[in-house]
2 protein chains.
Amino acid sequence: MITYTSISGETVRVLGLIVEYNPFHNGHLYHLKKSVELINPDYTVAVMSGNFVQRGEPAIVDKFARTKMALAYGADAVFELPFVYCIQDAGGFACGSVGVLHRTGIVTDIVFGSESSDINILNEISGILSSQPHEYTVILKKYLKEGLSFPNARKYAILDYLTSHNFPVEDIRLLEKSNDILGLEYLNYLKQYGSSIQPHCIAREGSAYNDETVTSRLASATAIRNIIKEENIAFLKELVPEISFEIILSEFENGKGPVFFEYMREIILSKIRLMDKNDLLTIYGIKEGLEDRFYNYSRRSMDLDCLLKNLKTKRFTYSRLKRALIHILFNLSEKEIKTYNSQGPQYLRVLGFNKKGQELLSLIKKKSRYPLIPTASQYYQIYKYLLKNQNEPYKKYDSDPTIYMKQINRDFDASNIYSLLYPKKEHAMFEPDKKNQIIITEDKDEKTSHY
Amino acid sequence: MITYTSISGETVRVLGLIVEYNPFHNGHLYHLKKSVELINPDYTVAVMSGNFVQRGEPAIVDKFARTKMALAYGADAVFELPFVYCIQDAGGFACGSVGVLHRTGIVTDIVFGSESSDINILNEISGILSSQPHEYTVILKKYLKEGLSFPNARKYAILDYLTSHNFPVEDIRLLEKSNDILGLEYLNYLKQYGSSIQPHCIAREGSAYNDETVTSRLASATAIRNIIKEENIAFLKELVPEISFEIILSEFENGKGPVFFEYMREIILSKIRLMDKNDLLTIYGIKEGLEDRFYNYSRRSMDLDCLLKNLKTKRFTYSRLKRALIHILFNLSEKEIKTYNSQGPQYLRVLGFNKKGQELLSLIKKKSRYPLIPTASQYYQIYKYLLKNQNEPYKKYDSDPTIYMKQINRDFDASNIYSLLYPKKEHAMFEPDKKNQIIITEDKDEKTSHY
């Protein structure tokens, strides 16, 4: 069942991981080790959120620091998940991350964490979500009409469907756990991309995704960010592996972190306060009266915490609201997001690699139908190449040059905003993405190169 | 020569002043006293910049605090100069401020400070600027073609013109001093509005407009803001009159000041960093390669000071560059500004008044062709009235409802951004302009009313 990719005659197994590492902690290390045990891969690659993460927040330390962590603990190469997918719900996030792994052309297996850790049931449910049998869509529409939010309507529709087809009802709990929801979307997009990548899941250990308290040395990333906010460095040291701890501390000492969501107060509030309701309606997901709430509360909230509390209703989670604030800041329209989600990521941008990873990149360069961007400085050259070749019958790449350009410019935008949030203002002076920073490590001898 | 306005049979003289009071200092008090001595008015009104001033900066304390200062030292009523005129060059600033005074329908005299203090010569030069004789425009165009900035080209064109008509060459110095340049524009706009208001000028005492050092108890507002930045409260006390000092201190204690330009770092840099060059080209005054400079330097400057130093060239003053940053932040287009400058201010918005001022407001309400907005809460009601009456043959007001609405919404926008800059974040929770705050003083017993 497992597909192999042939490199110069040999067969290899390449493990793909979808990560945020915000920051890299003991739970991530556990997951990584278990995944390697399960697959025994020749190479491991990760696709990682850039400077903004799926919770609709800037990452606590930037993508280059987090790439160092990934390489230190087992990734051979790290690709950036384009910004426009980082800050979407489970579906959009999966579209981008599965897209990057699939489009490398060499990943054979994906392993993701899961509360249920039952790939068969996940596959079953995902099958329903993808194939959308008539009976299911009728029930779904009924629940949507009743005013349920989409995730809830979906949950109850599947529950009804599964029950009437004699599935065990307890499987429905999958639709409530964040990792399983993501897992369903990964499976869904593997199907949509027609990918032969083999999915696997392993049980998550320790605290749940959103837990804010720490009960063991396996704390959630949310809890760890709270510990950082409280400047409890001694506790932090217990919850993240050694090299991760050193990288975090070095970033903080260098004035490059921690970066908190609250730092965006003026940026976000000024942006919304200068938009009228029609401007807001052009933004992805802002509709059905939501524009009134954002319009009014942005003008009556003293900070982002206050704004979020004002905006909160049963129907919207805090993560969804924070993502909406990011969509507004970056003027992301419905149309633009739909294009990205129907076309997938248009490039494979390298954030860092080790010696083994370098071999893998050469292979990807040969096999992928999407351009590898080894350093950001080459993005324009690649764009010109795509433009010139787009109508060639035997063209090397499938990328649409216009979408390619939009996606990568969004990455630059995200970094140019992120750099305003570094505690040390001097770091806002450089366009971090254009400085060709890339992390190259050799065995344990880690260094940062600007080539 | 002096026009009088008849109120219920009597004739009165109403002095109009154009002010920023950022903050109100000894020099302002001197000017106010001298103006009253000169005119001996029955009433004194001031049109004052709102929360942003002509140097392209947020005011050091907000417009309500500065209104209190104006009322404490002799103004009977204070009108807000609409935001869209506050942040323009001398021409646009004069268009708005002269417009407000003229459109009250009751101001008989304007007195302004001047380096030259020779109203005859100012009138002469202003005549040339307004009538634009052919000989003058030919020279002007020649200098513009040679690449001179407009103020310089104008200066040399007038110099040539005056010389060839046997004017004394030293009069040209008027075109270099900021108060005289403003004075020329006031005279120009009095002509353009066909106003019968009598202009006067009196010599300025003490430091020049832009002086950053303090040589006497008459320091410039710039020097005073620097002293505030250095927290030299003892020195501040010597440079501003007593009540002004008390108001400033009370604002600071209340967390409503001081507000400095640098506080806009994230707001301005994030705004420009998310604009491309075509977006920048839509902004008033951004053209001829300026878009490249703003695009590139916004992404490579760590703060506003750094950005301004990078942007600075001989051709642009810091004030002009700061105004450009404000235009960008508020998306002010060439077309929009041109409309405002051809139509003038569409309303008379009251920031505060005393008992005498209240009589005056009743009179204005009777005589003016433009609506008085006594509290911001009435703006929409007035808009609906304007809309309903715009095609009536004997309509009460000349305001264009669309322009009226745009102008007042810009005032609200400006206040909603300004409130994000208050040192105490809680003050950002209210829409200050919609809270109907208005300053009403009775004799010396000052109070703030929310009616």
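In the predicted model, A:Asn254 occupies the loop that runs between α11 (242-253) and α12 (265-273) of chain A. A:Asn254 has 14 C-beta neighbours inside 10 Å and therefore counts as partly exposed, since the class of partly exposed residues lies between the limits of 12 or fewer for exposed and 20 or more for buried. The C-alpha atoms of A:Asn254 and A:Lys424 are 7.7 Å apart in space, although 170 residues separate the two in sequence.

A second residue of chain A, A:Leu421, is located in the loop between α20 (401-418) and β12 (437-442). With 24 other C-beta atoms within 10 Å, A:Leu421 is buried, because the class requires 20 or more. When residues up to four places away in sequence are not counted, A:Leu421 touches A:Pro58, A:Val259, A:Tyr263 and A:Met264.

Helix packing was examined in both chains. Two packed helices are described by the angle between their axes and the distance between the axes. In chain A, α12(A) packs against helix α14 (residues 290-300) at an angle of about 125°, and the axes are 9 Å apart. This angle makes α12(A) oblique to α14(A). The two helices, α12(A) and α14(A), cross in a left-handed sense. On the α12(A) side the contact is made by A:Leu269, A:Ile272 and A:Arg273, and on the α14(A) side by A:Phe294, A:Ser298 and A:Arg299. By class, the residues in the contact of α12(A) with α14(A) are three nonpolar, one polar and two charged.

In chain B, helix α2 (residues 63-72) and helix α11 (residues 242-253) pack with their axes 9 Å apart and at an angle of about 165°. The helices α2(B) and α11(B) are therefore roughly antiparallel to each other, a class that applies to angles over 145 degrees. The crossing of α2(B) and α11(B) is right-handed. The residues that make the contact are B:Ala65, B:Lys68, B:Met69 and B:Ala72 from α2(B), together with B:Ile243, B:Ser244, B:Ile247 and B:Glu251 from α11(B). Five nonpolar, one polar and two charged residues make up the contact of α2(B) with α11(B).

The largest nonpolar core contains 246 residues. The residues with the most contacts inside this core are A:Ala70, A:Tyr186, B:Ala70 and B:Tyr186. Apart from neighbours within four places in sequence, B:Ala70 is in contact with B:Val19, B:Tyr21, B:Phe24, B:Ala46, B:Met48, B:Ala75 and B:Val78.

The contact between the two chains takes 22 residues from chain A and 22 residues from chain B. On the side of chain B that touches chain A, α12 (265-273) and α20 (401-418) of chain B each supply at least two residues. Of the elements on this side, α12(B) gives the most, with five residues. The residues of the side of chain B that touches chain A comprise 10 nonpolar, three polar and nine charged.

Backbone geometry was considered last. Most residues other than glycine have a negative phi, and most peptide bonds are trans. In chain B, the peptide bond that joins B:Asn22 and B:Pro23 is cis, with omega about -5°. B:Pro23 lies in the loop between β3 (14-19) and α1 (26-39) of chain B. Another cis peptide bond runs from B:Gly257 to B:Pro258, with omega near -5°. The place of B:Pro258 is in the loop between α11 and α12 of chain B.

A positive phi of about 55° is found at A:Glu231, which is not a glycine. A:Glu231 is in the loop between α9 (221-229) and α10 (233-239) of chain A. With 11 C-beta neighbours inside 10 Å, A:Glu231 counts as exposed, because the limit for that class is 12 or fewer. In chain B, B:Glu231 likewise has a positive phi of about 55° and is not a glycine. The loop that holds B:Glu231 is the one between α9 (221-229) and α10 (233-239) of chain B. B:Glu231 is exposed, with 11 other C-beta atoms within 10 Å.

Definitions and conventions: Residues numbered from 1 in each chain as written. Chains lettered and ligands numbered in written order. Predicted model: local features only at pLDDT ≥ 70, side-chain atom pairs only at ≥ 80, totals over all residues. Contact = placed C-beta atoms within 7 Å. Helix = DSSP H or I, 4+ residues; strand = E, 2+ residues; numbered from the N terminus. Nonpolar A, V, L, I, M, F, W, Y, C, P; charged D, E, K, R; others polar. Axes fitted to C-alpha atoms, helices over the stretch in contact; angles between N-to-C directions. Parallel < 35°, antiparallel > 145°, perpendicular 65-115°, else oblique. Left-handed = near helix turned anticlockwise from the far one by under 90°. Core = buried A, V, L, I, M, F, W, Y, C linked by C-beta atoms within 7 Å.
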